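Hi everyone, thanks for coming. Please have a look at the picture with me for a few minutes.

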Amino acid sequence: MSVITNIEDLRLLAKRRVPRMFYDYADSGSWTEGTYRANEEDFKRILFRQRVAVNIDRRSTAATMLGEKIAMPVAIAPTGMTGMQHADGEILAARAAQKFGVPFTLSTMSICSLEDIARYVPGPFWFQLYVLRDRVFVERLIDRARAAGCSALMLTLDLQVLGQRHRDIKNGLSAPPKPTLANLINLATKPRWCVGMLGTPRRHFGNIFGHVDGVKDMTSLGSWTAQQFDPTLNWTDIEWIKKRWGGKIILKGILDAEDAQFAVDAGADALVVSNHGGRQLDGAPSAIAALPAIVDAVGSKIEVWMDGGVRSGQDVLKAWALGAKGCLIGRAFLYGLGAMGEAGVTRALEIIRNELDLSMAFCGHRSLDTVDRRILLER
Ligand SMILES: Cc1cc2nc3c(=O)[nH]c(=O)nc-3n(C[C@H](O)[C@H](O)[C@H](O)COP(=O)(O)O)c2cc1C
């Protein structure tokens with residue numbers, strides 16, 4: 001691969017280096033993948049107003065999310081099985097994020113555990129919680145997140161049932177991969193990945209394995225996880241979670257202005273406009289299309305963030321202009337991780353920051369503080 005200049009370069013390199021089932025797991029959406037594609041395509045339809053002859057010397061992309069000062073309004077999204085894109089993936093991504101100065105969110109379904117991140121990465125991180133049926137386990141998880149020094153809890157609300165991703169079923173997705181002939185043939189073409197995996201003990205869901213009674217091997221872990229997503233979850237559950245946690249709460253997976261108001265009423269500190277990266281309800285609007293109505297409804301009462309389809313600094317600037325005080329990136333960092341480990345995540349963040357900085361300049365702004373909807377062309 002020649003010089004890496006954009007997120008697409010990282011995606012292509014990740015596709016070469018990551019075993020097919022895990023690359024597909026990242027690079028796919030549910031059913032027809034219509035919402036997955038719309039997340040990116042709708043960004044492209046938004047156009048900037050280019051301005052000239054404005055003093056754009058000495059610019060800054062600095063911002064805050066939840067009061068934390070950060071290098072740009074971007075945080076690493078929680079993604080499951082990140083340690084299967086690259087050995088020790090969550091540790092590497094968290095390290096890259098922290099050195100760069102943006103928040104990292106660990107998924108409940110991570111390979112490296114809460115305790116791994118606390119041990120190997122200095123400084124606080126955020127923890128994403130799935131509310132599972134086993135509430136005793138959930139309570140323990142919240143307590144573990146607090147003990148690990150997490151500075152915010154991100155509650156994901158859009159995964160009470162699972163959207164179907166055809167490729168995951170066809171590939172027989174599992175962590176670690178099952179030793180079928182097709183997998184072994186594919187793994188033989190990914191020597192770098194295999195060497196990394198052989199060198200780490202972290203190959204299954206680190207937050208769960210060893211913490212649930214009766215889950216002792218991969219088979220029992222798989223069946224426990226599959227029946228744990230809780231279809232009964234509702235707004236009253238947020239109360240006890242908030243109480244148990246006692247710190248900052250982010251609600252993720254909101255696409256509707258009425259739900260956004262419920263999030264405010266529930267006392268959340270921030271909400272993420274998100275369709276789970278097009279992995280859940282196929283046919284839902286893109287996140288960037290859903291954003292303005294939610295900002296109009298609750299933007300003055302709560303920090304509104306968004307994720308889905310962010311692949312460039314231009315996308316971050318468009319989201320900011322439409323009122324998102326932060327973006328989470330999922331695939332953009334996963335591609336970097338799969339391509340080049342920690343250096344790839346750093347590269348992804350650098351690419352996005354440079355694009356954000358220059359796009360601000362072209363729009364005639366030195367700081368995000370002055371950017372609003374007026375930088376976009378009205379259509
Ligand atoms: C491979 C993958 C795994 C994910 N796992 C989780 C998860 O465990 N918890 C969660 O809240 N969201 C999860 N998400 C959704 C992301 O947090 C985020 O909403 C989404 O990736 C944003 O879209 P983008 O990938 O286009 O940036 C996952 C997304 C991907 C791509």
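This is a predicted model: local features need pLDDT of at least 70, side-chain atom pairs count only at pLDDT 80 or more; totals for chains, interfaces and linings use all residues.

Residues are numbered from 1 along each chain as its sequence is written, and side-chain values use heavy atoms, with hydrogens and water left out.

Let's start at strand E9, residues 303-307. Strands (E, at least two residues) and helices (H or I, at least four) are DSSP runs, numbered from the N terminus. In E9, 4 of the 5 residues are buried, meaning under 20% relative accessible area with a 1.4 Å probe, protein chains only.

Who are the neighbours? Strand E8 (residues 270-273) pairs with E9 in the parallel sense over 4 bridges; two strands pair if DSSP finds at least two bridges between them. Here Leu271 stands opposite Val304. E9 also pairs with strand E10 (residues 327-329), again parallel, over 2 bridges, and Met306 has Cys327 as its bridge partner there.

Now, the rings. Phe, Tyr and Trp rings (for Trp, the six-membered one) pair if their centres lie within 6.5 Å, and planes under 30 degrees apart count as stacked, over 60 as edge-to-face and the rest as tilted. The whole structure has 6 aromatic pairs. In one of them, Trp126 and Trp305 are stacked, 5.4 Å centre to centre with 10° between the planes. Trp126 belongs to strand E5 and Trp305 to E9, 179 residues apart. Trp305 is buried, at 0% relative accessible area, and Trp126 is buried too, at 1%.

Conventions
Buried means under 20% relative accessible area, exposed over 50%, partly exposed in between (1.4 Å probe, protein chains only).
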